[in-house]
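Grab a pencil and open the viewer.

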Amino acid sequence: MERKQGEVDHLERPSPLTDKERVMIQDSWAKVYQNCEEVGVAILVRLFVNFPSSKLYFSQFKHIEDTEELEHSSQLRKHAQRVMNALNTLVENIDDSEKVASVLKLVGKAHALKHKVDPVYFKILSGVILEILGEEYPEVVTPEVGAAWTKLLATVCSGLKAVYEEVGWTQQSTSSG
Ligand code: HEM
């Protein structure tokens, strides 16, 4: 059974990142980004395996259940690359709130208006990112570094939610699920 939304509720209402947290995020990301393709694919495969309803937005692999087959999907790999690139831009520009806001606006608008992705999946994805980073980089992602990432991802989710509200997103038939 899928895990539900409440699990990542701690990602709500982020407090601002401190300078120390920004540095921890940038240092840890530098290591992660060396393997961006592998890590990106691992994150998305975990998302789609653990939360199969998230697959339904993707025309080319929505019916694929086999993990290895998912891993090789070109649509999945392309999206993994896009997610990692966007995260890289956010981390690189962590001190530039205008740049961060413009990235979130582009991503939020595309997902709300074009792809019609329920924003809950951004929270779910954030949980998966934290999980994979902790598993793959246990030496780098110490509890303190993980906490900084939690804050960053919470900021991303709340920024995206604000964009969704701005473009008039209304909850679509997910209230019972
Ligand atoms: C931080 C999180 C994410 C980032 C940075 C991101 C980034 C992107 C980008 C840059 C695109 C192409 C933009 C466009 O179509 O105009 C895209 C496409 C897409 N995204 Fe995301 N995405 C994220 C999370 C998600 C999630 C959680 C889902 C659904 C569960 C999703 C579903 C899609 C779909 C269905 C497409 C179109 C795919 C295609 O045409 O092949 N994205 N994403």
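## Exercise 1: The iron site

His79 (NE2) and His111 (NE2) coordinate the iron atom of the ligand at 2.0 Å. Before going on, note that this is a predicted model, where local features need pLDDT of at least 70 and side-chain atom pairs count only at pLDDT 80 or more, while totals for chains, interfaces and linings use all residues. Residues are numbered from 1 along each chain as its sequence is written, and side-chain values use heavy atoms, with hydrogens and water left out.

**Task.** Work out which arrangement the six donor atoms around the iron atom of the ligand make.

**Solution.** 
- Step 1: Know what a donor is: an N, O or S atom within 2.8 Å of the metal (3.2 Å for Na, K and Ca); water is not among the atoms, so sites may look incomplete.
- Step 2: Look at the angles. The six donor atoms subtend 88 to 179° around the iron atom, so the arrangement is octahedral.
- Step 3: Helices here are DSSP runs (H or I, at least four residues), numbered from the N terminus.
- Step 4: Check burial. Histidine 79 counts as buried because its relative accessibility is 18%, and histidine 111 does too, at 17%. The cut-offs are under 20% relative accessible area for buried, over 50% for exposed, and partly exposed in between (1.4 Å probe, protein chains only).

## Exercise 2: Around the ligand

**Task.** Find out how many residues surround the ligand, and which are the closest.

**Solution.** 
- Step 1: Count a residue if one of its heavy atoms lies within 4 Å of the ligand. You get 17 residues, and the closest are Gln75, His79, His111, Lys114 and His115.
- Step 2: Zoom in on glutamine 75: an N or O atom in its side chain is 2.9 Å from an oxygen atom of the ligand.
- Step 3: Now the histidines. A side-chain N or O atom of histidine 79 is 2.8 Å from a nitrogen atom of the ligand. For histidine 111, a polar side-chain atom lies 2.8 Å from a ligand nitrogen atom.

## Exercise 3: The nonpolar core

**Task.** In the largest nonpolar core, which residues touch the most other members?

**Solution.** 
- Step 1: Define the core: buried Ala, Val, Leu, Ile, Met, Phe, Trp, Tyr and Cys residues joined through side-chain atoms within 4.5 Å.
- Step 2: Pick out the top members. Of 52 residues, they are Ile25, Val39, Ile43, Leu47, Phe48, Leu76 and Trp149.
- Step 3: Trace the suppliers. At least two residues each come from α1 (19–33), α2 (36–50), α4 (74–92), α5 (97–114), α6 (120–136) and α7 (143–166). The largest share, 10 residues, is from α6.
- Step 4: Skipping neighbours within four places in sequence, leucine 47 is in contact (heavy atoms within 4.5 Å) with Pro52, Ser54, Ile124, Leu125 and Val128.

## Exercise 4: Buried or partly exposed?

**Task.** Sort valine 45 and lysine 62 by accessibility.

**Solution.** 
- Step 1: Valine 45, found in helix α2, has a relative accessible area of 8%, so it is buried. Beyond four places in sequence, valine 45 touches Thr67, Glu71 and Leu76.
- Step 2: Lysine 62 sits in the loop between α2 and α3 (67–72). Its relative accessibility is 33%, so lysine 62 counts as partly exposed.

Technical notes. Four donors count as tetrahedral if all angles lie between 85 and 135 degrees; four count as square planar and six as octahedral if opposite donors are over 155 degrees apart and all others between 65 and 115; anything else is irregular. A residue is near a molecule or strand if one of its heavy atoms lies within 4 Å of it. A polar contact is a pair of N or O atoms within 3.5 Å; within protein, one must be able to donate a hydrogen and the other to accept it, and residues adjacent in sequence count only if both atoms are side-chain atoms.
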